[in-house]
Amino acid sequence: MALNTEFNFSEQPDQLYNDLIALHEGLDEAQSAALNARLILLLMNQIGDAQTIRAAFAAARQPS
Amino acid sequence: MAPYDYAPIEYVTPPELSGGTPKEAPVLIVGAGPIGLAAAVDLALSGVATVLVDDNNVVSVGSRAICWAKRSLEILDRLGVADRMLAKGVTWKLGRIYRRAREIYQFDLLPEEGHKFPAFINLQQYYMEQYLIERCRDFPGLIDLRFKNRLVGLSQDETGVTAELETEDGRYQLKAAYLLACDGARSLIRQQLGLEFGGTVFEERFLIADVVMDADFPSERWFWFNPDFHPGQSALLHKQPDNIYRIDLQLGPDADAEAERQPEKVIPRIEKIVGERPFKLDWVSVYSFQCRRLEKFVHDRVIFAGDSAHIVSPFGARGGNGGLHDVDNLCWKLAAIVKQEAGPDLLASYDEERIHGADENIRNSSWSTRFMSPEPGAETWFRDATLDLAERFGFARRLVNPGRLSVPCSLSDSALNSADQSGLATPMVPGSPCADAPIASPQGAEGWLLNQLGGRFVLLSLGQAWPGALPAGVEPLLIGEGGWQDTGGFVAARYGNGHYLIRPDQHIAARWQEADADALRAALQKAGIRQTEMV
Ligand SMILES: Cc1cc2nc3c(=O)[nH]c(=O)nc-3n(C[C@H](O)[C@H](O)[C@H](O)COP(=O)(O)OP(=O)(O)OC[C@H]3O[C@@H](n4cnc5c(N)ncnc54)[C@H](O)[C@@H]3O)c2cc1C
C-alpha cells in the first residue's frame, strides 16, 4: 500500500489535531516522549502494512 | 549430586613423534569443542577419516552452552548422541516474561504434536562434549583424537594443508587435504590467515552464574525486565540437570568485570533471587559479547565452522546451535568431495548457505541485545513503550524481545535447490529442513521419519513408489502402500504427496508431483553430485 499523503481524517482536522496537543498537557518532556512512543507503536500496528509504515518512516525522517 | 567430574583425557604421544607411521588423513580438524567433535563424527559416518587435535585435555569448563534446539537435536540424533542428551537434559518449551514481579507474556515453543524431539533441552556443554568424545571412540579406525596437540602454524598449497603441531614431546607436521578450523572464537587459524572478523561489539556486561541448589522451579525459561531483585536491569533463569540453575544478570556497561566475578559480590545477588534456599556457586563468569563473522568461511583448503567463523550474543542460543548447522551443512559436501563424488566447487555452497544462516543468527541476536540494553534516548523510549503496552495489549507482546530462540534456517534461496515442481502448498519447499513425523516400518515397528533420512541422498515418495531405477547414490523411501506407514497422518499433512529429493543434511533439494528420471538427475547435479550419464 502506498503512503496516503492526502488528508484522510474521518472528520474536520482541527478538533483531532487539538486532541493530540491536549493529550500531552501536563506531561514533562520524558513523559511526552514515552506517550509518543506508545502512540506510534499503536498506530503502526493499526496500519500493519510494512511497506506503508516504511514509507511513513522515510517521509518523517525528512525534516521538511 | 556430585559436581561434574572433569576427568582429564589421556595424552598419547603422536606416532609422528614416537617413531610410528605418520598419519595421512584426508581431513584435519582443529579444536575438539562441540563443533569439531560433531564434524569428526559426521565425517566418520560418511567413511571419511580425520585427525582431531585439541590444545586442551578436558571438556568445556563451566556449562557455557546449555540450550540445544530441536533442529540441533535432530542433527545430533543423526550423529548418534541425541538420545543420551535427551535422557540427561532438562526438556522445556515454556518461556515466561516478567516485568518487575508481573508476568506480562509467555510463549510455548512447540505447541505441535508428532515430533521426536522437543523444542529445547538444557544440557551443559561439558556433557554434550563428553558424549561426543565417547561417540568418536566408536570409530577407532576413522577418528584419531589427539588431545594436548596444539596447532601453532599452517601453510597450504593446491594439494592440501600442512599443519605444525606442538605437544609436550615436541613438534611435528601433519598433512591433510582439508583443514577444518573449529578452534573457537579466538581462532589462531583465523589470525594466521590474517582474516578480518568484522561486526559489532556490545558494551553491556553480564554476570553468568551456575548455582547448585535444591529447588523445585519448573522446567521453564524465566526472563525479567527490571525485576525488583535487580532493579533497572534484566535477568534470566534456566534449569539444568544435576540441580544446577543458570542465572544471567545484566550489569550495565560500566560494571567492573573482575570485581563482579568475586563470590562476595555474586552471592548477595543470587540470594536476592533464590531467597533463603541454600546454594553453592558452580561456575561464574562476567562477559560482554560481540556479533561478528568472517567474510567467507572457505579459504581454499581451510574451512571455518562454529565460533571461529561467527559469534553471536548468547540470547537466543544461536552460537553452538548455529555451529551445529555448519557441521550438518558442510560434512556431506566435504565427504562427497573427498570421495570424488562431487567437485571442490560444492564448497562454495557451504559458504553461501551458512553465511546466510550466520547472518540470520547475527541479526536475531543483535536485535535481542538491543532490546535488552537499549541506548539512552529514542531506543529506550520505544523499548519501554513496548513493555508498557505489552502489559495490556496482545500485539505488543509480539514485539517484546528477550531472545529469539534458534529455529531451523531455511535455505530456500540456495543454488543447490531445483525449482518446486510439486504444485503443493505444504511448507516443505526446496531448501527447507525436513519436518519430522511419526512413521512405522512395513513390519509395523514405530519410528520417526528423520531417522530414515540423512547421511545420503534419499528419494522420499509419498503414496506411490518411484517407477524405475534410481541413480547411484540415491536411496528410495516409500511412505504408503507397500512401504512405511504414516501412522498419525503427519507425513501427509506436512508433506502432501509426490516425490521429494532429500539431501544428506535432511534438507529438501527438489520436489515433484510426477516422477521424472531426467529431472531427478538434473536435481542431483544441481545439488552438486556428479552424474555420469546425464541425458
Ligand atoms: C556464557 C555462554 C553461554 C552460551 N550459551 C549457549 C547456548 O545456550 N546455546 C548455544 O547454542 N550456544 C551457547 N553459547 C555458545 C557456545 O558455547 C559456542 O558457540 C560453542 O562452544 C562453539 O563451539 P566451537 O566448537 O566452535 O568452539 P569452542 O567450544 O570454543 O571449541 C574450540 C576448541 O578449540 C580448541 N583450540 C583452540 N585453539 C586451538 C589450537 N591452536 N590448537 C588446538 N586446539 C585449539 C579449544 O581448546 C577448544 O576446545 C554460549 C557461550 C557462552 C560463553
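**Note on the predicted model of chains A and B**

1. In chain B, strand S5 (residues 94–99) and S14(B) run parallel and are joined by 6 bridges. The coordinates discussed here belong to a predicted model, and the remarks below should be read with that in mind. Within this pairing, the residue of S14(B) that Arg99(B) stands opposite is Phe225(B).

2. On its other pairing, S14(B) meets strand S15 (residues 234–240) of chain B in the antiparallel sense, over 4 bridges, and here Trp222(B) is placed opposite Leu237(B). Strand S14 itself spans residues 220–225 of chain B and is mostly covered, with 6 of its 6 residues buried. In a regular strand, side chains alternate between the two faces of the sheet. For S14(B), one side carries Glu220(B), Trp222(B) and Trp224(B), the other carries Arg221(B), Phe223(B) and Phe225(B), and the residues on both sides are all buried.

3. What surrounds Arg99(B), and is this residue buried or exposed? Arg99(B), which is found in strand S5 of chain B, has a relative accessible area of 16%, and it counts as buried because that value falls under the 20% limit. When residues up to four places away in sequence are not counted, Arg99(B) touches Ile104(B), Phe225(B), Asp384(B), Leu387(B), Asp388(B) and Glu391(B). With one of these, Asp388(B), the side chain of Arg99(B) also makes a polar contact of 2.7 Å.

4. Across the interface of chain A and chain B, the rule finds 1 salt bridge, and the count of residue pairs in polar contact between the two chains, both at pLDDT 80 or more, is 1. The side of chain A that touches chain B is made up of 6 nonpolar residues, 1 polar and 1 charged.

5. As for the extent of that interface, chain A contributes 8 residues to the contact and chain B contributes 9 residues. The area buried between chain A and chain B is about 790 Å², and carbon and sulfur atoms give 85% of this area. Of the area that chain A buries against chain B, Arg38(A), Leu41(A) and Leu42(A) supply 57%, more than any other three residues.

6. A separate site in chain B is Ser63(B), which lies in the loop between strand S2 (50–54) and strand S3 (67–69). Ser63(B) is buried, its relative accessible area being 0%. Its side chain makes a polar contact of 2.6 Å with the side chain of Arg246(B). Leaving aside neighbours within four places in sequence, Ser63(B) is in contact with Gln124(B), Gln125(B), Tyr126(B), Asp210(B), Gln240(B), Arg246(B) and Trp283(B).

7. S24(B) pairs with strand S25 (residues 474–479) of chain B in the parallel sense over 6 bridges, Leu462(B) having Ile479(B) as its bridge partner. With strand S26 (residues 498–502) of chain B, S24(B) pairs in the antiparallel sense over 5 bridges, and there the bridge partner of Ser461(B) is His499(B).

Conventions. Residues are numbered from 1 along each chain as its sequence is written. Chains are lettered from A and ligands numbered from 1 in the order in which they are written. This is a predicted model: local features need pLDDT of at least 70, side-chain atom pairs count only at pLDDT 80 or more; totals for chains, interfaces and linings use all residues. Side-chain values use heavy atoms; hydrogens and water are left out. Contact means heavy atoms within 4.5 Å. Buried area is the accessible area (1.4 Å probe) that two parts lose on being put together, summed over both. A salt bridge is a side-chain nitrogen of Lys or Arg within 4 Å of a carboxyl oxygen of Asp or Glu. A polar contact is a pair of N or O atoms within 3.5 Å; within protein, one must be able to donate a hydrogen and the other to accept it, and residues adjacent in sequence count only if both atoms are side-chain atoms. Ala, Val, Leu, Ile, Met, Phe, Trp, Tyr, Cys and Pro count as nonpolar, Asp, Glu, Lys and Arg as charged, and the others, Gly among them, as polar. Buried means under 20% relative accessible area, exposed over 50%, partly exposed in between (1.4 Å probe, protein chains only). Helices (H or I, at least four residues) and strands (E, at least two) are DSSP runs, numbered from the N terminus. Two strands pair if DSSP finds at least two bridges between them.
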